[in-house]
Amino acid sequence: MERLQKVIARAGIASRRKAEQLILDGRVQVNGATVKELGTKVSVNDKVTVDGVPLDKERLVYYLFYKPTGVISSVKDDRSRTTVVDFFKHVPERIFPVGRLDYDTSGALLLTNDGELANKLMHPSFEFDKTYIVNVNPIPTSDQLRQLATGVRLEDGMTAKARVQLLISDKEKGTASVQLTIHEGRNRQVRRMFSALHLHVRKLKRERYGFLSLNGLHPGDSRELKPHEVKTLMHETRHS
Ligand code: URA
């Protein structure tokens with residue numbers, strides 16, 4: 001037996017939180033009867049419908065996408081801009097991005113229809129390392145690099161410890177490339193960390209998302225995760 005919201009999230013209809021709302025709104029039926037209690041448990045033999053439509057048991061799929069800049073990390077955009085899902089027209093499952101990268105940020109983004117796993121990965125208590133390559137000007141001083149590593153004061157509090165490495169600096173142009181690994185996932189965190197130190201981010205790319213790297217992918221490319229990678233994701237999120 002499993003909780004109803006979990007079953008709905010697993011079917012790829014909605015995140016766990018949205019599934020709870022669907023239940024509270026009276027849009028979910030079990031064996032024909034509307035159920036509004038969040039604790040309700042169902043078995044595989046129960047017929048669950050949302051707005052009268054049966055949950056189709058979608059195959060769970062997991063994609064690593066190299067998001068180009070100029071693309072929105074959502075399923076729909078009210079201004080008709082290209083979204084990450086537009087790159088997956090060939091995929092029948094209703095996938096959605098796990099978290100987001102800014103419109104102007106490129107890099108590694110996971111898309112799935114597994115609402116349960118997505119919720120775990122996006123929960124603030126889950127700390128997956130995310131590695132960014134930041135093109136910046138002017139060249140950060142060693143004190144600024146130290147601050148990025150030890151913590152920067154933002155309006156929503158100090159940032160946690162991070163790993164920082166100056167990769168390249170061009171003294172003539174006054175630009176540098178910095179590798180930054182953080183495990184928090186606050187909104188626009190990397191841009192805000194640099195901006196707090198009066199450093200201008202010219203380009204931002206997420207090179208790694210946990211153990212998943214962009215190796216072999218070009219902007220706009222995606223690949224399905226290998227079974228062992230899905231297993232590792234499940235394993236790493238098991239206590240979340
Ligand atoms: N930090 C940012 O500032 N932007 C992103 O897209 C990701 C992390």
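Reply: A residue is near a molecule if one of its heavy atoms lies within 4 Å of it. This is a predicted model, in which local features need pLDDT of at least 70, side-chain atom pairs count only at pLDDT 80 or more, and totals for chains, interfaces and linings use all residues. Residues are numbered from 1 along each chain as its sequence is written, and side-chain values use heavy atoms, with hydrogens and water left out.

Me: Which residues are around the ligand?
Reply: Under the 4 Å criterion, the shell divides into 4 nonpolar, 2 polar and 3 charged residues. The residues around the ligand are Leu 101, Asp 102, Thr 105, Tyr 132, Arg 188, Gln 189, Val 190, Arg 191 and Leu 204.

Me: Which helix gives the largest share of the shell around the ligand?
Reply: Helices are DSSP runs (H or I, at least four residues), numbered from the N terminus, and strands are E runs of at least two. The largest share of the shell, 3 residues, comes from helix H5 (residues 189-196).

Me: From which domains does the shell draw at least three residues each?
Reply: Domain bounds come from an automatic or database domain assignment. The protein is divided into domain 1 (2-54), domain 2 (62-125 + 219-236) and domain 3 (130-209). The shell around the ligand draws at least three residues from each of domain 2 and domain 3.

Me: How far from a nitrogen atom of the ligand does a polar side-chain atom of Asp 102 lie?
Reply: A polar contact here is a pair of N or O atoms within 3.5 Å. A backbone N or O atom of Val 190 lies 3.1 Å from a nitrogen atom of the ligand, and a polar backbone atom of Arg 191 is 2.9 Å from a ligand oxygen atom. For the polar side-chain atom of Asp 102, the distance to a ligand nitrogen atom is 2.7 Å.

Terms used: Polar contact = N/O pair within 3.5 Å; in protein donor to acceptor, adjacent residues only side chain to side chain. Nonpolar A, V, L, I, M, F, W, Y, C, P; charged D, E, K, R; others polar.
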